[in-house]
Amino acid sequence: MTTDPNATLDQWAEGSDYRWGFVTDIDADTVPPGLDESVIRFISAKKNEPEWLLEWRLKAYERWLKMEEPEWPHFPDRPYGPIDYQAISYYSAPKSDEDRPKSLDEVDPKLLETYEKLGIPLEERAALAGVAVDAVFDSVSVATTFRDKLKEHGVIFCSFSEAVQDHPELVKKYLGTVVPAADNYFAALNSAVFTDGSFVYIPKGVRCPMELSTYFRINALNTGQFERTLIVADEGAYVSYLEGCTAPQRDENQLHAAVVELIAMEDAEIKYSTIQNWYPGDENGVGGIYNFVTKRGLCEGDRSHISWTQVETGSAMTWKYPSCILKGDDSIGEFYSVALTNHRQQADTGTKMVHIGKNTRSNIVSKGISAGYGHNTYRGLVNIRRGAVNARNYTQCDSMLMGETCGAHTFPVIEVGNDTAHIEHEASTSKIGEDQIFYCNQRGISPEDAVSMIVNGFCREVLAELPMEFAVEARKLLEVSLEDSVG
Amino acid sequence: MTAIRKAAMNAYESILWPSMRDESWRYTDTRAIAATDFKSADPSTVIKADSLSPFLLDSDMPLMVFADGVYQPDLSTATSMPGVQIHRLADVIASNPERLEGRLASHADYQDDPACGLSTAMITDGVVVEIEAEATMETPLHIVFFNQGTTHPISTHPRVLIVANDRSTGTVIESHVGTSEQVILSTPVTELIAGDNVNLDHYRMVREGAATWHLGDVALHQGARTEVSSCVLAFDGPLIRTRMRGTLAGEDGNAILHGLAMGHEDRHIENLLRVNHMVPHCRSRESFKHILEDKSTAAFTGRIYVAEGAQKTDAVQTNRNLLLSNTSKATARPQLEIYADDVKCTHGATIGELDQEAMFYLQARGIPADAARSMLVQAFAGEILDDVAPESLRNQAQLLLRNRLPAAEHLAAME
């Protein structure tokens, strides 16, 4: 553990205000709040979408109207405020939509400034880290880099709207195949009103030359974000995709209902890493983002491999279950998660591993940390179908509690329909021992640093799965998020 | 009494039989039960001593026998003894119902479960055991609920209330048995209420007939410095569902909840467990094992709940499923719900076939595959059966298990 004590001190000194809470003032082209068919037609028309996509959206909307809103959180410390779907504005784009910037120079300097503050100097970061950034600023991509280099390899990496225009056949073929339009309440809503997102296609046998990355950011007041991400790795392809989020400080609950679909063909591998740091609300539970996301990967071909890694430190409320459908024989699904809740945050996260093919394997490592009045829940499913001969699953979910008012909960479901399956599930709950802190203090390490060391050690297995620069950011995030929770 | 019955009836009527979309009934199909028109048993039902004998334990164990819920005075030998009062529930309801106040139906929650709701609404008879303070029950009490049914479907609602006062010790064994093929619905509810410093053991053996749906409840409530155990051994019946709920309400309480179930043909076994740690310094151990053959299915849902302030809780829950055929199916939902930070809670679940290496080890030493397999199954079950204290009950369970395994003679010869 090599924590730079000065850097840590600086972070403590900044106090518990949300570090990245600021608002960029851009005239957004926003539709008035409310949702009906005309809004969906407006979005579709604005994006110049083909007829089939509009129909797909409308069908999803129709189904959504008939669905019941889930309301499972039962924790008294932060009641679930009903979402007024008519109060949300479903479309907001930077004004210069008609005249999209062609290069970084054309990008609104104010936007670039925002990225600077976020610690993502677009061009530098892209160049230094070898990352192509498809930055989503309020629902519409404004800059995409390294397009040429990717093109050389035949990799398609663009915003979803562009994909609809340039590669309609691919979008039509794969959209909604993993997460059907009416999969669940929030996925249906997303299918009806999604504005943009990312599209990735890696052709046969190609190993994507760089890590792909998208930064999402909620900006305009009252604009829910409905991102749609679709990643297809064709036979033998490999891609590592990073998704990171920060959001400006807001006092109203904002809804974030994204859908991510991954499809891995024969021998393909997709690695999807997330750092989620939406605004969590203040210490009294006012404000914050509702993060209700549907993420699912399909291991379509034999020997395919999908790996989800996530660090969840933000959002007032998170419901998120990145899942794998292991359809191909010998396919592998992995899920590594760190979820941290402080103040009055609630994180309800986990995964579903559905074993269909023979010799399929899945691995689940979930680490939950609760502090303050935070509640952390692991909710997962391991399902072994009758034909899934020799399926293997190992699940480990550990919880760490800090303070007397937080909660840690585990709700796994294991369904096995084949006798050759080997399933193991382990869970434990613990706290940071006083003796551990004492040991560190004795050696001149402050209680804050000791906690951050112990927490980082607790999460090590998951952080090790993250790409390097992401892992660094994740460690910092954990430290910042745990401020004031020692005691 | 009337109030309880009424409330339970209201609860039952508002829930009725839930569909499989209901979270707690997701793995149990109640459509057949809901579609059946049950009648109460004929109050003049009698059974012969012969039909009972295969299910009895030690001959000196005091007995309380019911047939289709109807008390059998000729077969019952139990009487109150010094320090231990044993009564028919019907008698207590008739003579001094105030003794049941705050006890009967106070811990088995009938509000959210149709089986318990129906059972509570239909309370008629059963057994009330009260162990006085400082008293020790010398021999275990054996309560037999024999279900034989008749030409039309009947429902029976056996009820047991055990109250163990401070510093008392006792053991109660229930057997829910039958050999008939008549359609029967049995919804036994047992409540154990332990004061402080109590040592209480409870066993429930289930060997129902081929068409007897068994939807049971066991509720425990423990005071300080108690050690209370309950063990459900499920061997026969097309559907055996047991809801077990333990509440640790006094400090330094220790709850031990065990279950062993053996499924074959197309039987379904379900265990729902909940342990509530309400106060600091309590300990609970839950271990449930399912052995599944043929097309049998099993579902386990276990929750450890630790209330705010219940510090130093030490809870361990395990659920192990052994699939002996490729058509059997098991589901495990081991859950933790924790609101205190200084606790040690773990849960583990495994589902799988027999260890191939262990099989190889035994076969390499000249033990035929059948016998090796049976030995391993016995060892698997042994972790539960070895803790069954009454010897005659343990022997009966071991014999039942062994006779269902292939190469039984081989195993017997080795012992």
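Me: Two residues are in contact if their C-beta atoms, placed from the backbone, lie within 7 Å. How many residues does the contact take from chain B, and how many from chain A?

Reply: The contact takes 30 residues from chain B and 30 residues from chain A. This is a predicted model: local features need pLDDT of at least 70, side-chain atom pairs count only at pLDDT 80 or more, and totals for chains, interfaces and linings use all residues. Residues are numbered from 1 along each chain as its sequence is written, while chains are lettered from A and ligands numbered from 1 in the order in which they are written.

Me: Which elements give two or more residues to the side of chain B that touches chain A?

Reply: They are β21 (329–338) and β22 (344–352) of chain B. These are strands, meaning DSSP runs of E with at least two residues; helices are runs of H or I with at least four, and both are numbered from the N terminus. With 10 residues, β21(B) gives the largest share of this side. By class, the side has 13 nonpolar, 10 polar and seven charged residues. Here Ala, Val, Leu, Ile, Met, Phe, Trp, Tyr, Cys and Pro count as nonpolar, Asp, Glu, Lys and Arg as charged, and the others, Gly among them, as polar.

Me: How do you know that β24 of chain A and β22(B) pair?

Reply: Two strands pair if DSSP finds at least two bridges between them. Strand β24 (residues 422–431) of chain A and β22(B) have eight bridges, in the antiparallel sense, so they pair. His422(A) stands opposite Gly352(B) in β22(B).

Me: Why is chain B called as compact as a globular protein of that length?

Reply: The radius of gyration is taken over C-alpha atoms, and the globule rule is 2.2 Å times the number of residues to the power 0.38. For the 415 residues of chain B the rule gives 22 Å, and the radius of gyration is 21 Å, which is close, so chain B is as compact as a globular protein of that length. The C-alpha atoms of chain B fill a box of roughly 65 × 55 × 45 Å along the principal axes. Chain B has nine helices and 22 strands, and chain A has 13 helices and 24 strands.

Me: What are the domains of chain B, and how are they in contact?

Reply: The bounds come from an automatic or database domain assignment, which gives domain 1 (2–362) and domain 2 (363–415). Their centres, over C-alpha atoms, are 25 Å apart. 25 residues of domain 1 of chain B are in contact with 25 residues of domain 2 of chain B. On the side of domain 1 that touches domain 2, α6(B) supplies the largest share, five residues. That side has 18 nonpolar, four polar and three charged residues.

Me: What makes strand β13 of chain B largely enclosed?

Reply: A residue is buried if 20 or more other C-beta atoms lie within 10 Å of its own, exposed if 12 or fewer, and partly exposed in between; C-beta atoms are placed from the backbone. In β13(B) (residues 212–222), 11 of the 11 residues are buried, so the strand is largely enclosed by the rest of the structure. Both faces are covered: the buried residues include His214(B) and Val218(B) on one side and Trp213(B) and Ala219(B) on the other. Over the whole of chain B, 54% of the 415 residues are buried; in chain A, 56% of 487 are.

Me: Which strands run parallel to β13(B)?

Reply: Among them are β10 (residues 184–186) of chain B, with three bridges, β11 (residues 189–194) of chain B, with six, and β15 (residues 239–248) of chain B, with 10. His214(B) is the bridge partner of Ser186(B), and Ile240(B) in β15(B) is the bridge partner of His214(B). Glu191(B) stands opposite Ala219(B).

Me: How do you know that strand β2 of chain B is mostly covered?

Reply: Four of the five residues of β2(B) (residues 63–67) are buried. β2(B) runs parallel to strand β6 (residues 141–146) of chain B over five bridges, with Phe66(B) opposite Phe145(B). β2(B) also forms a hairpin with β3(B), with two residues between them, and Asp68(B) in the turn has a positive phi of about 50 degrees.
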